[in-house]
Amino acid sequence: MLYRAKLQEFYAQAIAAALPERCIARAFRFAEGRLYWVENPQSPTEIPLPVLVLGAGKASARLARGLVPILPPGSYRGAVVTSPGNEAEVPGITVLRGAHPTPNHQSLAAAEHLLALARGGSERAAIFLLSGGASSLVAAPRPPITLADKIVTTRLLLASGAPVQAVNTVRKHISRIKGGGLLRALARDVFTVAISDVIGDDPPTIGSGPTVPDPTTFAEARAVLERYGLWSKVPTSVRTVVEQGLAGTIPETLKPSDPESAFAHYRIVASNQDAKTAVAQAARAQGWEAEVIQQPLQGEARLAAEAFSKIVDECLAHAVAGRPRCLVAGGETTVTVRGSGLGGRNQEFALALVTQLANKPVTLLSAGTDGIDGPTDAAGAFVDGSSFDRARTLGLDPARYLAANDSYHFFEALHDLFRPGPTGTNVMDIVIAVLHP
C-alpha cells in the first residue's frame, strides 16, 4: 500500500503541472493598460480590447477562470463549454455544459451559442480556450446530418480502435464548427490557448481544430470510414455529406491557403510532457531513480501493455535491490471493442498487465489525467505483483475479462479502480510504475 499511496501522490503532481489556471499565464500579459499575446517574449503581440472570449473542452472553464484576472474589468464577454464535473464560476463568462464522450442536445445548443457569438459583436479580436473533450462537447452537424446521426457516428468511431487523428478527420468533415469552422465564423484575429490531449500536440487534431486550418480532406474522411469497416454502418446522411464534399458541392474544411487562416494564432500551454516531467521530479525528490519514457503509448491498449512490460523486465534485470525506481510513460492508446463489457483504455492497459506483472516487485497506475477513463467513473486502475493471485482467489480470469473488454468489473472486484474524479485538465493518459526490488 505504501507504493500505491506514492503513485497517487505522483499522479497529483502530474495534474498540478497541467492546471489551467497556472498555464494560462504563459500566453498573456497585461501591462500599462494593454493586453499582450506572449508567443515570443521578445516581441509580444498586442491584442485590442475589448475581446470576445470563447472556449470548449474539459479545462475550458478553468482556463477562463485563470484568464479573467489578467483582463481589466469590462473588457471581455463570452462563453465556454465544459463537461459535467468541470464547471467553474467565471465572472463575465457564461459557462455551458456539453456531453462527453458522445454529444447530446446540450452539446448541440452549446455549439450554436458559440457560433452565434462568433458571428456577432464588435470586438476586433477573440480568445479561444481549447482542451480535450471539445470534439464531443460542441456539436454542429452539417445538414442533413442530425444530432442522432452524429451520436451514432461518434459511437462507431470510438469503438472502432481508430486513433484520435483518424476519428477527428471524420468529425471535422461532418461539422460546421470543427476543422476551422469557428475561425471562419469569427473572421477576425483569434488567439487560441490549448491544453494538448493528443500525441504530437497537433493543433488541427486537438479538439478537432475549431480555430485552425485543417490539412485533411473529405477523401481522407471516407478512407477512415472504409479502413475501419464503418462506411456501410454510419447513417445515410453522413455518407451523403462526405459524397457531396468529394463532388465539390459543399465546401471543404478551412485550408491553410484560405484567407481566414491568417487570423489564426495558436499556443499550447500544457501537454503530456509536462505531466511526465512533474512525476519524475517528484520521484527523484523521494531519492528514487526516475526515467521518463519518451516514446508515446499508442495503438491497441493490450499491445502497448505488452511492450511496456518488456521495458519493466529490462529494468528489473538491472535493478539495484532496495532502491525504488520510477518509470513514467504517457500517451493515448485505443481499444477495439469486441466484447460487451465495461471499461476504458487505461483499465484495459492495466488488465493486460495483470498476468505480465504476476509476482514481480512492481506497482503500477495507468490513468487518464482528466480523471475519466471511457464511459466509467474511474480514471484507471492499479496493478501490482499480487493482482494475479488475488484475482485467482476470487475466481477471476484476466484473459476472459480482457476478451470481453470488461476491465472495469475485473478491477472493481479487486478494489483496484482509481477514482480521483474530474481533475479540470486533460493531457492524455499517464502510466506510473514503481519498481521496488
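Which residue in β8 is the bridge partner of Phe 128? I looked it up, and the partner is Thr 192.

**Ground rules**

I am working on a predicted model, where local features need pLDDT of at least 70, side-chain atom pairs count only at pLDDT 80 or more, and totals for chains, interfaces and linings use all residues. Residues are numbered from 1 along each chain as its sequence is written, and side-chain values use heavy atoms, with hydrogens and water left out.

**Sheet**

Strand β7 (residues 125-130) runs parallel to strand β8 (residues 189-195), and six bridges join the two. For the names, I take helices (H or I, at least four residues) and strands (E, at least two) as DSSP runs, numbered from the N terminus. Two strands pair if DSSP finds at least two bridges between them.

I then traced the open sheet: six strands in the order β6-β5-β4-β7-β8-β9, with parallel pairing. Its edges are β6 (93-97) and β9 (264-270), each of which pairs on one side only. Neighbouring strands are turned by 15 degrees against each other on average, direction ignored. I note that axes are lines fitted to C-alpha atoms, for helices over the stretch in contact, and that angles run from 0 to 180 degrees between N-to-C directions.

**Cysteines**

I looked for disulfides (cysteine sulfur atoms within 2.5 Å) and found zero. Cys 315 is in no disulfide; the nearest cysteine sulfur belongs to Cys 326, 11 Å away. Cys 315 counts as buried because its relative accessible area is 8%. Cys 23 is buried too, at 0% relative accessibility. My cut-offs are buried under 20% relative accessible area, exposed over 50%, and partly exposed in between (1.4 Å probe, protein chains only).

**Cavity**

I searched on a 1 Å grid over the protein atoms alone: a cavity is a set of points where a 1.4 Å probe fits but cannot get out, a pocket is an open set with protein on both sides within 12 Å along at least five of seven lines, and lining residues have an atom within 4 Å of a point. Grid points are joined across faces, edges and corners, and a volume is the space filled by probe spheres set on the points.

I found one cavity of 30 Å³ or more. The largest cavity has a volume of about 40 Å³. Its lining includes Arg 345, Asn 346, Phe 349, Asp 429 and Val 431. Helix α13 (345-354) and strand β15 (429-435) each supply at least two lining residues. The largest share, three residues, comes from α13. I checked how covered that helix is: nine of its 10 residues are buried, among them Asn 346 and Phe 349.

I count Ala, Val, Leu, Ile, Met, Phe, Trp, Tyr, Cys and Pro as nonpolar, Asp, Glu, Lys and Arg as charged, and the others, Gly among them, as polar.

**Pockets**

The largest pocket holds about 1200 Å³ of space. I list 50 lining residues, with His 100, Pro 101, Leu 158, Arg 345 and Gly 374 nearest its centre. Arg 345 also lines the largest cavity. Helix α7 (164-173) gives the largest share of the pocket lining, five residues. By class, I get 18 nonpolar, 23 polar and nine charged.

The second largest pocket has a volume of about 170 Å³. Its 13 lining residues include Arg 142, Arg 176 and Arg 184, which are among those nearest its centre. They divide into four nonpolar, four polar and five charged.
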